[in-house]
Amino acid sequence: MPNCNSKFHWSHRGGQETGRRELVYRSLQSAQHCLEDQDFGTAYAHYLLVLNLAPELKTSVKETFQFTLFKWAEELDSLARIQDLFNCYEQALELYPNDEVICNSMGEHLFRMGFRDEAAGYFHKAVKLNPDFADAKENFYRVANWLVERWHFIMLNDAKRNLTYLKAIENAVRSGCKSVLDIGTGTGILSMFAKKAGASFVYACELSKTMYELARDVLAANNMEGEIELLHLKSLDIEIPEHIPERVSLVVTETVDAGLFGEGIVESLIHAWEHLLLQPK
């Protein structure tokens with residue numbers, strides 16, 4: 001168990017800071033005693049107080065804080081106090097928003113509870129923060145295997161299909177459709193076709209957190225992250241001007257399954273026609 005007592009020697013000195021430092025010192029001592037007694041919940045509360053009163057100590061207490069968080073989270077999980085568990089992780093990520101270890105641990109809890117799409121987002125963030133983090137990479141690939149069907153890769157490598165979409169989008173853009181919305185963008189391929197065809201404004205929406213993060217990476221790899229506005233939204237939830245400034249002149253989508261209607265294409269296109277697409281002149 002980490003011990004942080006020896007790291008702090010300023011607690012009894014310091015002018016106007018004496019009161020704050022005294023409280024911080026006492027809270028650190030109490031947290032350490034609670035850890036020794038395996039009272040992880042109370043220890044976690046003390047560390048939250050310390051870090052809010054003395055953010056300059058974030059680096060010094062980081063290791064011990066992580067240990068406390070993970071032990072308390074295990075206890076909350078065993079007691080089925082799921083909301084409290086997530087609240088603790090949210091508090092921790094407010095204090096350490098770029099901590100890949102906390103992100104990965106949050107993802108592991110989400111994955112075990114069946115929230116695979118949300119878990120993938122945390123694993124992906126952990127990998128982006130530290131590309132050499134082996135556990136996070138393994139977790140991300142594992143959850144991606146659950147979420148991305150194998151037929152998706154075959155479809156993306158269908159050159160004939162891709163060329164057909166490309167030509168259709170090029171024809172529409174050249175005919176005057178300069179603003180485009182891609183519904184269910186997936187990897188972002190149709191959005192990139194629209195931008196390369198000359199569309200002035202391209203918006204893409206994707207509900208799946210996993211695919212949203214993947215689309216961000218694909219756009220960045222193609223140097224188009226600043227050219228296409230990617231929204232982590234269901235198209236039915238898009239509002240003007242909150243999410244896009246005005247109606248678009250073209251909607252593209254491939255939200256179809258083997259039975260054509262399984263992915264809700266009819267509902268999404270009716271909504272787009274009524275709320276997101278410019279009406280014919």
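Is N223 buried or exposed? N223 is exposed, with a relative accessible area of 65%; the term exposed applies over 50%, buried under 20% and partly exposed in between, computed with a 1.4 Å probe on protein chains only. The structure discussed here is a predicted model, in which local features need pLDDT of at least 70 and side-chain atom pairs count only at pLDDT 80 or more, while totals for chains, interfaces and linings use all residues. Residues are numbered from 1 along each chain as its sequence is written, and side-chain values use heavy atoms, with hydrogens and water left out.

The protein chain contains 12 helices and four strands. Helices (H or I, at least four residues) and strands (E, at least two) are DSSP runs, numbered from the N terminus. Of the 281 residues of the chain, 43% count as buried. Among contacts in the chain with a separation of 6 or more, 60% are accounted for by residues 24 or more positions apart; contact here means heavy atoms within 4.5 Å.

Two packed helices are described by the angle between their axes and the distance between the axes. Axes are lines fitted to C-alpha atoms, for helices over the stretch in contact, and angles run from 0 to 180 degrees between N-to-C directions. The axes of helix 1 (residues 18–36) and helix 2 (residues 40–53) come within 8 Å and cross at roughly 155°. Helix 1 and helix 2 are therefore roughly antiparallel to each other; angles over 145 degrees receive this description, those under 35 count as roughly parallel, those from 65 to 115 as roughly perpendicular, and the rest as oblique. On the side of helix 1, the residues in contact include L23, V24, L28 and L35, and on the side of helix 2 they include F40, H46, Y47 and L53. By class, this contact of helix 1 with helix 2 has 12 nonpolar, five polar and one charged residues. Ala, Val, Leu, Ile, Met, Phe, Trp, Tyr, Cys and Pro count as nonpolar, Asp, Glu, Lys and Arg as charged, and the others, Gly among them, as polar.

Helix 2 also packs with helix 4 (residues 82–95), at an angle of about 25° and with the axes 11 Å apart. Helix 2 and helix 4 are therefore roughly parallel to each other, and helix 2 passes helix 4 in a left-handed crossing. Y44, L48 and L51 of helix 2 make this contact with C88, Q91, A92 and L95 of helix 4. Six nonpolar, one polar and no charged residues take part in the contact of helix 2 with helix 4.

The strands form an open sheet of four in the order 3-2-1-4, with parallel pairing; two strands pair if DSSP finds at least two bridges between them. Strand 3 (228–231) and strand 4 (250–253) stand at the edges, each with a single partner strand, so one side of each is left without a neighbour in the sheet. On average, neighbouring strands are turned by 20° against each other, direction ignored. Strand 1 (residues 179–183) pairs with strand 2 in the parallel sense over five bridges. V180 stands opposite V202 in strand 2, and L181 has Y203 as its bridge partner in that strand. Strand 2 is mostly covered, four of its five residues being buried.

Helices also pack on this sheet. Helix 10 touches strand 1, strand 2, strand 3 and strand 4, and its direction makes about 175° with that of strand 2. Helix 12 (residues 265–275) lies across strand 1 and strand 4, running at about 170° to strand 4.

Several loop residues complete the description. G198 lies between helix 10 (189–196) and strand 2 (201–205), and is partly exposed, with a relative accessible area of 36%. Not counting residues up to four places away in sequence, G198 touches V173 and K178.

Most residues other than glycine have a negative phi, and most peptide bonds are trans. N223, in the loop between helix 11 (209–221) and strand 3, has a positive phi of about 55° although it is not a glycine. A80, in the loop between helix 3 (58–78) and helix 4, has a positive phi near 60° and is exposed, with a relative accessible area of 57%. The peptide bond from I240 to P241 is cis, with omega near 5°; P241 is found in the loop between strand 3 and strand 4.

Terms used: Left-handed = near helix turned anticlockwise from the far one by under 90°.
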